[in-house]
Amino acid sequence: MKQYEFKVRERKSGLWKLLNFFYADIDLENNGWLTFGNYIFCPKGKGLPKELAVHEYVHVEQQKGSKLYAMVWWIPYTLSAKFRYSQELPAYRRQLSYLAGGQDKTTRHAVGHKIATILSGSGYNNMVSYEQAIKDLGL
């Protein structure tokens, strides 16, 4: 698999302003971390913790580390819950693996249930049921 170099930016750059213009229908300011091509945007002053870096890097891979691919990727991501879920699930699986890898079953399930709550919650417009997220995470 190709390795992509990525850059971490606070949400004040010109590219961030451009994203806000193009994706005005999404509340980008309140959506935490966000990937566009090989840029990972962080809320001001929050940085990029390792457990989120592994998640966002999946999106860098999905967007092939390219701003052009990112523009194309973001269209179905914003319009289709099915596509969005197909992109978030592998990112959350990798995050789960990072957070609970090598841990006991109880810890893995506790972390997995938190992730399933996020995937099935209002932050993602309830794109999937909690039960489906649990199943898809392999819990």
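Student: What do the buried residues of H2 pack against?
Tutor: In this predicted model, they pack against E2, E3, H3 and H4.

Student: Which residues of H2 are buried?
Tutor: The buried set is Leu-52, Ala-53, Val-54, His-55, Glu-56, Tyr-57, Val-58, His-59, Val-60 and Glu-61. That is 10 of the 13 residues of H2, so the helix is largely enclosed by the rest of the structure.

Student: And how far apart are the end C-alpha atoms of H2?
Tutor: They are 19 Å apart. H2 covers residues 50–62, and at 1.5 Å a residue its 13 residues should span 18 Å, so the two values agree.

Student: What follows H2?
Tutor: Lys-64, with a positive phi near 55°.

Student: Switching to H5. Which of its residues are buried?
Tutor: Val-111, Gly-112, Ile-115, Ala-116 and Leu-119. They lie on the same side of H5, because they cover an arc of only 145° around the axis.

Student: Why would residues three or four places apart point the same way?
Tutor: An α-helix has 3.6 residues a turn, so residues at that spacing face the same way.

Student: What is exposed on the other side of H5?
Tutor: Thr-106 and Lys-114.

Student: Which helices do the buried residues of H5 pack against?
Tutor: Helix H4 (81–100) and helix H6 (130–136).

Student: What reaches the backbone nitrogen of Thr-106 at the start of H5?
Tutor: A side-chain oxygen of Asp-104, which comes to within 3.0 Å of that nitrogen.

Student: How far does H5 reach from its first C-alpha to its last?
Tutor: It reaches 20 Å over 15 residues, 105–119, close to the 21 Å expected at 1.5 Å a residue.

Student: Now the largest nonpolar core. Which residues touch the most other members?
Tutor: Trp-74, Tyr-85, Ile-115, Leu-119 and Leu-137, out of 23 residues in that core.

Student: Which elements give two or more residues to this core?
Tutor: Strands E2 (34–36) and E3 (39–42), helix H3 (67–79), and also H4, H5 and H6. The largest share, five residues, comes from H4.

Student: Zooming out, what pattern does the chain follow?
Tutor: Along the sequence it runs β-α-β-β-α-α-α-α-α, with six helices and three strands.

Student: How much of the chain counts as buried?
Tutor: 42% of its 139 residues. The accessible surface comes to about 8,100 Å², and 55% of that belongs to carbon and sulfur atoms.

Student: And what share of contacts comes from residues 24 or more positions apart?
Tutor: 59%, counting the contacts with a separation of 6 or more.

How values were computed. Residues numbered from 1 in each chain as written. Predicted model: local features only at pLDDT ≥ 70, side-chain atom pairs only at ≥ 80, totals over all residues. Heavy atoms only, no water. Helix = DSSP H or I, 4+ residues; strand = E, 2+ residues; numbered from the N terminus. Buried < 20%, exposed > 50% of the residue type's maximum accessible area, 1.4 Å probe, protein only. Contact = heavy atoms within 4.5 Å. Areas by Shrake-Rupley, 256 points an atom, 1.4 Å probe, with all protein chains shown as cover. Expected span 1.5 Å × (residues − 1). Arc of directions from axis to C-beta. Polar contact = N/O pair within 3.5 Å; in protein donor to acceptor, adjacent residues only side chain to side chain. Core = buried A, V, L, I, M, F, W, Y, C linked by side-chain atoms within 4.5 Å.
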